[in-house]
Amino acid sequence: MALDGIVISNIIAELNNTILNARISKIAQPEADELLLTLKGNQGSYRLAMSASASLPFIYLTDSNKPSPLTAPTFCMVLRKHIANGRITKIYQPHTERIINFEIEHLNEMGDLCQKTLIIELMGKHSNIIFTDADGTIIDSIKRIPASLSSVREVLPGRQYTIPATQEDKYDPLAVDAAGFADIVSQKPLSVSK
């Protein structure tokens with residue numbers, strides 16, 4: 001199934017009903033571009049699998065567990081350092097894009113309450129999992145993208161996170177009512193049948 005903005009919004013609705021306010025008890029990275037989070041909440045224990053694979057990006061709840069490598073990859077270690085035992089406080093999608101944002105609240109080394117964001121971009125070959133600070137500064141990502149690979153957007157630690165380029169004339173189908181939809185369609189230079 002294609003992961004478009006509407007499908008992603010339904011996935012987010014399901015995640016909000018099951019894992020919102022759950023604690024992250026375990027973080028594993030079984031593959032180079034895949035994460036497996038074990039979550040514990042009021043409704044029980046869940047495993048959330050997500051992948052930034054170019055050929056098959058996904059995110060879903062699962063009962064199965066995958067074996068992890070003996071030495072955890074760097075990205076997994078960074079997540080364990082920052083958000084282990086953190087609580088998912090908000091799950092949302094910006095502008096009906098193929099992006100899922102998880103806002104996570106946790107205690108830092110000093111015992112202060114901090115907020116981080118785990119961003120999953122499910123965009124085919126441009127898929128990525130990005131971990132940012134509360135102010136949008138990238139802490140790390142599962143795929144680092146330097147300027148030599150992309151002149152449009154760098155994804156490197158210390159850089160500011162920006163949403164991938166989107167079409168300017170795109171409308172949010174979940175935010176437009178019937179009258180607004182009729183106005184948008186009638187303003188197009190094409191016939192209504194097109």
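Across the whole structure, a search finds seven salt bridges, a salt bridge being a side-chain nitrogen of Lys or Arg within 4 Å of a carboxyl oxygen of Asp or Glu. The structure is a predicted model, in which local features need pLDDT of at least 70 and side-chain atom pairs count only at pLDDT 80 or more, whereas totals for chains, interfaces and linings use all residues. Residues are numbered from 1 along each chain as its sequence is written, and side-chain values use heavy atoms, with hydrogens and water left out.

Side chains of opposite charge can pair when their charged atoms come close. Glu34 is buried, with a relative accessible area of 9%.

A further salt bridge joins Arg153 to Glu121, the closest N and O atoms being 2.7 Å apart. The two residues belong to distant parts of the chain, Arg153 being in the loop between strand 9 (138-141) and helix 3 (178-187) and Glu121 in strand 7, 32 residues apart. Arg153 counts as buried at 13% relative accessibility, and Glu121 counts as buried at 0%. Salt bridges that share partners join Glu31, Glu34 and Lys66 into one network.

Asn65 is placed in the loop between strand 4 (58-62) and helix 2 (74-83). At 46% relative accessibility, Asn65 counts as partly exposed, and, leaving aside its neighbours within four places in sequence, Asn65 is in contact (heavy atoms within 4.5 Å) with Lys26, Leu36 and Arg47. The C-alpha atoms of Asn65 and Asp4, which are 61 residues apart along the chain, are separated by 27 Å.

Arg23 belongs to strand 1 (residues 23-31) and counts as partly exposed at 42% relative accessibility. Residues up to four places away in sequence not being counted, Arg23 touches Thr38, Leu39, Lys40, Asn85, Gly86 and Arg87. With Asn85 in particular, the side chain of Arg23 reaches the backbone oxygen at 3.0 Å. Arg23 and Ile83 are 60 residues apart in sequence, and their C-alpha atoms are 9.5 Å apart in space.

Ser127 is found in the loop between strand 7 (113-121) and strand 8 (128-133), where it counts as buried at 2% relative accessibility. The side chain of Ser127 reaches the backbone nitrogen of Met123 at 2.9 Å. Beyond residues up to four places away in sequence, Ser127 touches Ala52, Ser53, Pro57, Glu121, Leu122 and Lys143.

The largest nonpolar core has 32 residues, of which Phe102 and Leu118 touch the most other members; a nonpolar core is a set of buried Ala, Val, Leu, Ile, Met, Phe, Trp, Tyr and Cys residues joined through side-chain atoms within 4.5 Å. Not counting residues up to four places away in sequence, Phe102 touches a set of residues including Leu15, Ile19, Leu48, Ile59, Ile88, Ile91, Leu118 and Ile120.

Helix 1 (residues 5-18) has 14 residues and reaches 20 Å from its first C-alpha to its last, close to the 20 Å expected at 1.5 Å a residue, the expected span being 1.5 Å times one less than the number of residues. Within helix 1, the residues Gly5, Val7, Ile8, Ser9, Ile11, Ile12, Leu15 and Thr18 are buried. The elements that cover these buried residues include strand 3 (44-51), strand 4, strand 5 (87-92) and strand 6 (99-107).

Note on methods: Helix = DSSP H or I, 4+ residues; strand = E, 2+ residues; numbered from the N terminus. Buried < 20%, exposed > 50% of the residue type's maximum accessible area, 1.4 Å probe, protein only. Polar contact = N/O pair within 3.5 Å; in protein donor to acceptor, adjacent residues only side chain to side chain.
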